Amino acid sequence: MASFSVSPSVERRAVRLDELRMKPECAGKRLIVGVAVVSQPEGSVSKKILLLKRITKEDEYPDMYELPGGHAENEDATILDDVARELREETGLDVTRVVSEFDEGFEYTTKKGISKQFNFLVEVAGKGEPEVVMNPEEHQAYAWVANEEELENYPMSTEMINTVKHVLAAVSYKE
């Protein structure tokens, strides 16, 4: 049972994973989530989103930055449970609310096959800028990014850059 709330706009994703995998747009694809975490440090007017840097020995996209996330596993009842599990595993942060799904997601191909990524904006426990505890088997660094101009400092795939820009615009990060 989920220990987080879900906004009405995201309730349509609260379907069993086996049902989601049967939908034509998902059939035969690995289901992946990207999780946008927003922070607003105390006393700051600027909001930031969290990026993680993949480890060097990763088979796919080594040393690249990304949103936290990962693939749905059999233990996940829904894709939203995957959001909470992956964020906890990769950052130590606990989802309190899945706020929205943003953009149409994207597909990409790796050695493991075709993946369909769904992207979600979440709220996490705590206030201000939460303390991130990375899983060193997956990531080597993290950064809080406040605007598009900063993105040039963080290598990312084209799809991920577009997704992060979408998040930044959607939550009014522009000053």
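## Serine 7

Serine 7 sits in the loop between β1 (5-6) and α1 (17-22); helices (H or I, at least four residues) and strands (E, at least two) are DSSP runs, numbered from the N terminus. The model is predicted, so local features need pLDDT of at least 70 and side-chain atom pairs count only at pLDDT 80 or more, while totals for chains, interfaces and linings use all residues. Residues are numbered from 1 along each chain as its sequence is written, and side-chain values use heavy atoms, with hydrogens and water left out.

With a relative accessible area of 5%, serine 7 is buried (under 20% relative accessible area; exposed is over 50% and partly exposed in between, with a 1.4 Å probe and protein chains only). Apart from neighbours within four places in sequence, serine 7 is in contact with Arg97, Val98 and Val99 (heavy atoms within 4.5 Å). A polar atom of the serine 7 side chain lies 3.0 Å from the backbone oxygen of valine 99.

The largest pocket holds about 690 Å³ of space. A pocket is an open set of points on a 1 Å grid over the protein atoms alone, where a 1.4 Å probe fits, with protein on both sides within 12 Å along at least five of seven lines; lining residues have an atom within 4 Å of a point. Of the 34 lining residues, Arg54, Glu58, Glu66, Gly70 and Tyr108 are the closest to the centre of the largest pocket. β2 gives the most to this lining, with 4 residues. By class, the lining of the largest pocket has 11 nonpolar, 9 polar and 14 charged residues.

The second largest pocket has a volume of about 320 Å³ and is lined by 17 residues, with Val38, Ser39, Gln40, Val122 and Glu123 nearest its centre. β8 supplies the largest share of this lining, 4 residues.

## Nonpolar cores

The largest nonpolar core has 26 residues, and Val37, Ile79, Phe120 and Val122 have the most contacts inside it. Such a core is a set of buried Ala, Val, Leu, Ile, Met, Phe, Trp, Tyr and Cys residues joined through side-chain atoms within 4.5 Å. The largest share of this core, 5 residues, comes from α2.

Leaving aside neighbours within four places in sequence, isoleucine 79 is in contact with residues including Leu17, Leu31, Phe118 and Phe120. A second, separate core of 20 residues includes Ile32, Val145, Leu151 and Val171.

Technical notes
A polar contact is a pair of N or O atoms within 3.5 Å; within protein, one must be able to donate a hydrogen and the other to accept it, and residues adjacent in sequence count only if both atoms are side-chain atoms. Grid points are joined across faces, edges and corners, and a volume is the space filled by probe spheres set on the points. Ala, Val, Leu, Ile, Met, Phe, Trp, Tyr, Cys and Pro count as nonpolar, Asp, Glu, Lys and Arg as charged, and the others, Gly among them, as polar.
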